[in-house]
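Have the structure open as you read.

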Amino acid sequence: MKTIIIVVFLIAFCLGQRLDINSDSCRKYLQKFGAADVPDGYGATKLSSSGDVKFVTGSNDVQVNLRYSDFDLFYDTTYFGLVQEDGKPASDTCLDLKLWKFTSNSYSDPIQVTDIPIIASNNFTKRWRYYTFIIPGKELGTRLVQTSNSNQFIYKGFYAIAYYVTGTDDVQYTFFFEFSVIVDRATGTSVDTVFKPLTQTATIDCLPNQICQIKTDSIIKWCTDLACDEYATPDLHFYDNFVLQQVVTTAGMNFYLTQTEVWYTGDGILKKAKIIVVDNSVKGQVIIQLRAEIVWSSVKFKVSSTLSTTQAGARRLWTDQTFYDDVIGYTEEIECIKAEGAKECPDCEQQCDAQGYANYDCSACLSSIIIAFIFVLLIVA
């Protein structure tokens, strides 16, 4: 009997053993967090994390997919992946994975998420590894930060995954990201999603258990024309053309800005803008011409671009890896975008006429009520 107890103890002990953080074996994992493959060491980390978000088909459940490149050791039978969530035995790991959520984009009030399972998967062609977690539609209001307008619910998630030395609070690498999902208020149907990673340079001093001061990778300026020789904040009206310039402020990011996106953001608004003209011919900046597509009060423009070694958007030097980091910047908040010919900020009717929905303190727009009525009729039919 004593022999059996000893054997069971030894088996349990061995199964619970983890690699020492200072061992050569663990060093193989830590090297995956190495510097970017550029001479000055700036840009993305070697891990090159990114992701996407989408609605699960036929529901309002939100699926968040995080990915990282494991290109060098993807097929290694021992040193593939990083943590147990990658399908590794505990005895082959020296790191633990934790998922954190925050209540704002200051990332200063972490709450560890332990009641949502993390599902691992792989892309064998590109040698990417994925972590996926799903937020049930009925929990969007508690898992995410909610705002709304007269016709939509807008949910924003501020999250991070962090790798810790096993059994400690010693953080080795943290990937901060944010995402947004929009749901129609009347029908409950999904409208849009957006995922944006934060760069390592923007979060270089941030840890999940400390107050985080996000650094700005770029500034956004209002130009008077496409030459961007002069700057001034415009008095914007619906359908007015205007020009923004994104300029990288982080030292060493001497890359072209590609895949530029512009979003209208603010209290109860999140809408992707249609870009008319993009000029990214100069490294470290991009000039964007747009046309005002909404009528709204208290608006900021969010601009994000992807760093690239070529103007056309060449990929990183390593085969099949992702692009360099995204850089994000915001304009200062403007009082409003007015209706055509108006001298004052818009009322509810002007907002409904422009984009079919209005601020949250307005009644639902008539067009939305008609659409909702038709939707109900279709369900009944």
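## The chain as a whole

Keep in mind that this is a predicted model. The chain has 381 residues, and 49% of them count as buried.

Take the contacts between residues at least 6 apart in sequence: 64% of those join residues at least 24 apart.

## Aromatic pairs

The chain has 24 aromatic pairs. Take Phe153 and Tyr155: their ring centres are 6.2 Å apart and the planes sit at 35 degrees, so this pair is tilted. Phe153 is partly exposed, at 22% relative accessibility, while Tyr155 is buried with a relative accessible area of 9%.

Phe242 and Phe301 also make a tilted pair, because their planes are at 55 degrees, with the centres 5.1 Å apart. This pair links distant parts of the chain, 59 residues apart: Phe242 belongs to strand S12 (residues 241-248) and Phe301 to strand S17 (residues 296-308). Both Phe242 and Phe301 are buried.

Which residues form one aromatic cluster? They are Phe133, Tyr159, Phe175, Phe177, Phe179 and Phe195.

Lys28 has its charged end over the ring of Tyr79, 5.3 Å from the ring's centre. Lys88 puts its charged end over the ring of Phe80, at 4.3 Å from the centre.

Key: Residues are numbered from 1 along each chain as its sequence is written. This is a predicted model: local features need pLDDT of at least 70, side-chain atom pairs count only at pLDDT 80 or more; totals for chains, interfaces and linings use all residues. Side-chain values use heavy atoms; hydrogens and water are left out. Buried means under 20% relative accessible area, exposed over 50%, partly exposed in between (1.4 Å probe, protein chains only). Contact means heavy atoms within 4.5 Å. Rings of Phe, Tyr and Trp (its six-membered ring) pair if their centres lie within 6.5 Å; planes under 30 degrees apart count as stacked, over 60 as edge-to-face and the rest as tilted. Helices (H or I, at least four residues) and strands (E, at least two) are DSSP runs, numbered from the N terminus. A charge sits over a ring if NZ of Lys or CZ of Arg is within 6 Å of the ring centre and within 35 degrees of the ring normal.
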